[in-house]
Amino acid sequence: QARTSSKPIFLPHLIASLEQVDQTYIMVKPDGVQRGLVGEIISRFEKKGFKLTGLKLFQCSKELAEEHYKDLKQKSFFPKLIDYITSGPVVCMAWEGVGVVASARKLIGATDPLQAEPGTIRGDLAVQTGRNVVHGSDSPENGKREIALWFKEGEVCDWTPVQSPWLRE
Ligand code: ADP
């Protein structure tokens, strides 16, 4: 049936759904929590315009840290990495958006903070690989896997921010 109304179609969430919406797992590591950088780090993603869908302060077990970093099990720094991640509470976050995985990696910066560009989180706030304040998933598949690993059913919220039409046409 032909559309008779002259009212414009203005459904940004519908248009966005035609593009690939991804999820990424972002985590403020124990050094970021201890150094009081939680608000600053959340702000970077919030200001960029991504949607926060999950958030909690959490003390993780050795088993969970090992599962999260299982691809690095053979690395010499693995035991130190597990000690670091379990050394205090972390802030677990799920963020959603078109291109969020790659964009979050850019906002975070290189693994070695001395190589990370100024303007990135690690470039601005850290000096050593073993204390690089934040984690971000490296692929959309790992984003889904890590969110499922760190959050329980019901801890991730689906919602529509009022700012949506001002972020995407
Ligand atoms: P990224 O976190 O940038 O994706 P990787 O997946 O390579 O980097 O490594 C995961 C984490 O392991 C790093 O963020 C860092 O905390 C730690 N790590 C990596 N390489 C080293 C290293 N050479 N020495 C100590 N810790 C390391």
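Of the 169 residues in the chain, 41% are buried (under 20% relative accessible area with a 1.4 Å probe, protein chains only; exposed is over 50%, partly exposed in between). The model is predicted: local features need pLDDT of at least 70, side-chain atom pairs count only at pLDDT 80 or more, and totals for chains, interfaces and linings use all residues. Numbering starts from 1 along each chain as its sequence is written, and side-chain values use heavy atoms, with hydrogens and water left out.

The chain exposes about 10,300 Å² (Shrake-Rupley method, 1.4 Å probe; for residues, only the protein chains shown count as cover). Carbon and sulfur atoms supply 55% of that area. Contacts are heavy atoms within 4.5 Å. Among those with a separation of 6 or more, 79% join residues 24 or more positions apart.

**Strands**

The chain has nine helices and four strands (DSSP runs: H or I of at least four residues, E of at least two, numbered from the N terminus).

**Nonpolar cores**

A nonpolar core is a set of buried Ala, Val, Leu, Ile, Met, Phe, Trp, Tyr and Cys residues joined through side-chain atoms within 4.5 Å. The largest has 19 residues; I26, I41, F45, W95 and I121 touch the most other members. β1 (21-28), α3 (38-48), β3 (90-98), α6 (100-108) and α7 (121-125) each supply at least two of its residues. α6 gives the most, with four. Another core of 17 residues lies apart from it and includes Y25, C60, V90 and F151.

Leaving out residues up to four places away in sequence, I121 touches I41, R44, F45, L107, I108, A126, V133 and V134.

**Ligand site**

Residues around the ligand (a heavy atom within 4 Å) include K29, Y69, F77, Y84, R105 and R122. The side chain of N132 places an N or O atom 2.9 Å away. A polar side-chain atom of R122 lies at 3.0 Å. For T129, a polar backbone atom is 3.4 Å from a ligand oxygen. The protein covers 74% of the 530 Å² of accessible area that the ligand has on its own.

Terms used. A polar contact is a pair of N or O atoms within 3.5 Å; within protein, one must be able to donate a hydrogen and the other to accept it, and residues adjacent in sequence count only if both atoms are side-chain atoms.
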